[in-house]
Amino acid sequence: MEKRVRVRFAPSPTGGLHMGGVRTALFNYLFAKKHGGDFILRIEDTDQTRFVAGAEQYIVDALTWCGIKPNEGVGFGDGPHAPYRQSERKESGIYAKYAQQLIDAGYAYYAFDSSEELDEMRKRLEAAKVVAPQYNAVTRQNMRNSLTLPEDEVKRLLESGAKYVVRLKVPRNEEIRFEDIIRGWVTVNSSQVDDKVLLKSDGMPTYHLAHIVDDIEMKISHAVRGEEWLPSAPAHILIYRYLGLEKEMPKLAHLPLILNPDGNGKISKREARFPVFPLSWQDPREAMPYVGYKESGYYPEAFVNILALLGWNPGNNEELFSLDELAALFDFERVNKSGAKFDPEKAKWFNQQYLRKHSDADLANAFKPLLHSKGIARSDAFLAEFCRLMKEKVHFVHEFWEQGHYVFEAKEVLDEKVMAKKWNDKSKALFTLVQDSFITVSDWQTQVLHDTFEELVKAHGKIDMQLLRVLITGVAGGPQLFDLLALLGKDEVLARLGKSLGKLN
RNA sequence: GGCCCGUUCGUCUAGGGGUUAGGACGCGUCCCUUUCACGGACGAAACACGGGUUCGAUUCCCGUACGGGCUACCA
């Protein structure tokens, strides 16, 4: 019988959760949903030196905003395997227990080397032109550990409270083969794997030990994580094997990385010219916050949609999917092997698609707070009509302001390019005719304005519409002109037109 | 450097032993439009290279190049 699907997202609270992390969480979530399984949030806070205040809460907030809700875990009501924070799980002695099991079976050992001694070893090896200096089957013979020291000396050291770590005893030359759901069979020789530290000198487990213990204890069926973990997977295979748990081992899936659009490498929060974090992140160690997708105007649905299609596709030409649709469609077979460069331009397009799905009234409501912050108020009807006219041109709600602010406050300067190109000595007389004619319009509506203008053209020849637009709005582009004039209202249009004409000859 | 993973338009990708190599973003042209967009139509744009295997390879295999990851008592 197949194991119940149970997957986990297991970040360490060492900073804000960036978009790559969110995507890993997303794929875990989608896989769990697809198979009616469980999605767990576990906090891997075993490195006390890198702990960052607020990071854990940020992770919870970010997942919540995205709609990627764990059904077990920190911040989501815990569950049958509580606690879900490794620093708390350590209290039960569970990691030490598994480490002891490995020591007793001869698969792990105590190492007493100080960090200075380790540095020295690396320097010595580098000087000797060893290509990959590491603590391994060969080099451990020259170090201070329970394999080289006399038994009574080891005992004395342990009893005297000397600092030590527990290391995995990796065999010297052994093929380690494992199957990755996404990549297929991967083979690595154990000579490439170092004697990984399992238990640190502060008593905390390392990631390598802790995640295995927890995955076993929490009955995790699939370990889905980023590609950066692929090189350490062989060590993990060994740990499962030495623990006698190879059969219980979760299936492995290493996701391709999200790469920087320009330049190389994975996305870096410092250099990126686009948001990297789902929500704004203020690192307590830094002065400036990093602006998030949310604060940049992205809908969470759009953000999730963008992430889902980075490294995965449904196999047809469709691109717009809700979280539920993604969950129904998701499959590791359709996850790519190669890294995906993030395209900020396409991200904007996705948001635009979602924005267009909103009603004019919804958009008006979303826009209202921004308008109020400028000290401007308009009726709901006015704003809904404004949004109706503008919505085809914007990617984000805040662009209603950036692209349509002239509706609310007349611009002082008229578009110079258009004026230079189109305004001539006959223009003033012509647009004064327009002004006069508009004054007579009593039913100020799109169609009436359109017809009035047509009649003027019939009587006097071509009257440039863009020029009229600039005279009234100041800008060269915008929504349908007569719709816009109808929205502005007769008084406003005549006032603006009069003011512009007054300044020109 | 070593090890591991990867490589289809600029980017995200579909496809897969015989295809006009498909879609999307972006870009360009045209249509609609006296303005601005949307929309529609069209276009430029890709199988990294070299060897095999094969009647035939972009597709399978091997090399090379390139890209990425890892190389901590960090995850």
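Modeller: Arg 8, Arg 42, Glu 44, Arg 89, Asp 214 and Asp 215 form a linked network of salt bridges. The model is a predicted one. By the rule used here, 32 salt bridges are found.

Take some of the pairs in turn. Arg 85 and Glu 88 meet through their side chains, N to O at 2.4 Å. Arg 85 has 24% relative accessibility, so it counts as partly exposed. Glu 88 is at 35%, and therefore partly exposed.

Arg 241 pairs with Glu 246, with 3.3 Å between the closest N and O atoms. Arg 241 has a relative accessible area of 29%, so it is partly exposed. Glu 246, at 38% relative accessibility, is partly exposed.

Lys 346 and Glu 319 form a further salt bridge, their closest N and O atoms 2.7 Å apart. This pair links distant parts of the chain, 27 residues apart. Lys 346 sits in helix α11 (residues 344–356). Glu 319 lies in the loop between α9 (300–308) and α10 (323–329). Lys 346 is partly exposed, at 34% relative accessibility. Glu 319 is partly exposed, with a relative accessible area of 27%.

Now the domains. The assignment for chain A includes domain 1 (6–75 + 211–258) and domain 2 (93–208). It also gives domain 3 (358–407) and domain 4 (416–503). The C-alpha centres of domain 1 and domain 2 are 24 Å apart. Contact involves 35 residues of domain 1 and 29 residues of domain 2. Between them the two domains bury about 2800 Å², with 65% of it on carbon and sulfur atoms. On the domain 1 side, Thr 46, Tyr 242 and Leu 243 lose the most area to domain 2. Together they account for 23% of what that side buries.

Elsewhere on the list of pairs, the side chains of Arg 183 and Glu 227 meet in a salt bridge, at 3.6 Å from N to O. Polar contacts between domain 1 and domain 2 come to 11 residue pairs.

Which elements of domain 1 touch domain 2? α7 (207–217), β9 (222–226), α8 (233–242) and β10 (251–255) each supply at least two residues of that side. The largest share, nine residues, comes from α8. By class, the domain 1 side has 18 nonpolar, seven polar and 10 charged residues.

Notes:
Residues are numbered from 1 along each chain as its sequence is written. Chains are lettered from A and ligands numbered from 1 in the order in which they are written. This is a predicted model: local features need pLDDT of at least 70, side-chain atom pairs count only at pLDDT 80 or more; totals for chains, interfaces and linings use all residues. Side-chain values use heavy atoms; hydrogens and water are left out. Domain bounds come from an automatic or database domain assignment. Contact means heavy atoms within 4.5 Å. Buried area is the accessible area (1.4 Å probe) that two parts lose on being put together, summed over both. A salt bridge is a side-chain nitrogen of Lys or Arg within 4 Å of a carboxyl oxygen of Asp or Glu. A polar contact is a pair of N or O atoms within 3.5 Å; within protein, one must be able to donate a hydrogen and the other to accept it, and residues adjacent in sequence count only if both atoms are side-chain atoms. Helices (H or I, at least four residues) and strands (E, at least two) are DSSP runs, numbered from the N terminus. Ala, Val, Leu, Ile, Met, Phe, Trp, Tyr, Cys and Pro count as nonpolar, Asp, Glu, Lys and Arg as charged, and the others, Gly among them, as polar. Buried means under 20% relative accessible area, exposed over 50%, partly exposed in between (1.4 Å probe, protein chains only).
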